[in-house]
Amino acid sequence: MIRFIVCIAIFLGLLFLGYTLTAIEGRIIIDFAGTIIQASLLGGFIAVVLLVLTLWLSLWVIKKFVGLATGSRTWIGRLSKRQQNQAFYQSINAMLMNEQQAALNLIRKTKKGNFEGSNYLIAAELERQAGNLQQAQADLISAMDFHKAEPLALMKQAEICLLNNKSEEAMNLLSSVTGKIRNTKSFISLKLQVLKGLSDWPQIQALAKQNKRLLGDDYFTWATQWTTGEFAAIASKHGANALTAHWQQLSRSERKDQANQLIYLQLLIDQGQSAEAEKELVAVASKQQHKGYFKLFKQLNHPNPTLAITFIEQEIKKSPDEAGLYSVLANLAYNTGDYALAKKAVSKALDLDGSASDKALLACILEKSNNFEQANIVYKGLLQ
């Protein structure tokens, strides 16, 4: 209103200035039933403008008074909008204070407001945290009515589908996502989770490699997972021989990768190919160090693991104060039934570093040797 009046004033001022500069002569004569009204051209024009402005202001004032008296929807709507804005920001504050229920109650009051769908996204997340997945999905569907909120709403729906083990439905939702959000770490990570649910390891490998820089440290986690999934699928469907054949077909760099080696050897042991795993394990452990190798040595359980025992004994000569090596030797001997060697090795390990796992192994060795009293003492020591 103020802007409109200022514009009218400026317009009239310019009109008067223009009339003064040009000095246009002329008059307006109006005859109302014998009453004659005379005015100059400028005066008549000003009178008409002022009359229109007066009528417009009168109508505006009357409308406001009628609205206040009858409960104008516009007036109530504006008051409601202020309340919704307050509820929206208060809900965010409540979330930051971990008052989730209070935040949920507040955000529910904003459902009829226009927040570009952000209120529905917040409500959906709070409902999901509260375990109300059905209501969360309903809020996300409402958020999709807003263009800016639609991509994130689709992603959040995919997350809920993933929680319900509906990986195919989740993938369909992610396929509908458009825009820059597809190039974010959150989107890539979620898609990898969905592909994992579908056991699509080739796609996981391709997607992770394509976004290696974006994933950062998470890339190595996914690399381990797709290798495990791929190798495990071959072993479970076709057996250890097929797994070995697949391993031989890999490139040299892939076979030298320690993560790949650990997964392959673990699966060989799991498939009952402990003797085959021993040969590979000694070969790779002789070339490079990794604590994961020693964990695998402890799992070897076939008769006479001569290669492994000889290798560990050689390592002990190089590092005679390394408790972990004695522990490995003790486990190897125990698995083959050589309890005398196992007891000697584990005792040395305990002298250097009294770990709980070695104490438990000693108790098992004593029990196998029918020394139940000493075994019971060791067990009691573990419980203290």
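These legends accompany close-up views of a predicted model.

The model is predicted, so local features need pLDDT of at least 70 and side-chain atom pairs count only at pLDDT 80 or more, while totals for chains, interfaces and linings use all residues. Residues are numbered from 1 along each chain as its sequence is written, and side-chain values use heavy atoms, with hydrogens and water left out.

**View 1. The chain as a whole.** Let us start with the setting: the chain has 22 helices and two strands. Helices (H or I, at least four residues) and strands (E, at least two) are DSSP runs, numbered from the N terminus. Of its 384 residues, 35% count as buried, where buried means under 20% relative accessible area, exposed over 50% and partly exposed in between (1.4 Å probe, protein chains only). Among the contacts (heavy atoms within 4.5 Å) with a separation of 6 or more, 44% come from residues 24 or more positions apart.

**View 2. Helix α16 packed with helix α18.** Here α16 (residues 274-285) meets α18 (residues 306-318) at an angle of about 25°, and their axes are 9 Å apart. Axes are lines fitted to C-alpha atoms, for helices over the stretch in contact, and angles run from 0 to 180 degrees between N-to-C directions. The two helices are therefore roughly parallel to each other (angles under 35 degrees).

**View 3. N119 in helix α5.** Look for N119 in α5 (residues 118-129), where N119 is buried, with a relative accessible area of 1%. A polar atom of the N119 side chain lies 2.7 Å from the backbone oxygen of T110. Leaving aside neighbours within four places in sequence, N119 is in contact with F88, I107, T110, K111 and G113.

**View 4. Two loop residues with positive phi.** Most residues other than glycine have a negative phi. E116, in the loop between α4 (100-107) and α5, has a positive phi near 60°. E116 is partly exposed, with a relative accessible area of 39%. N165 also has a positive phi near 60° and sits in the loop between α7 (150-163) and α8 (167-175). N165 is exposed, at 69% relative accessible area.

Definitions and conventions
Parallel < 35°, antiparallel > 145°, perpendicular 65-115°, else oblique. Polar contact = N/O pair within 3.5 Å; in protein donor to acceptor, adjacent residues only side chain to side chain.
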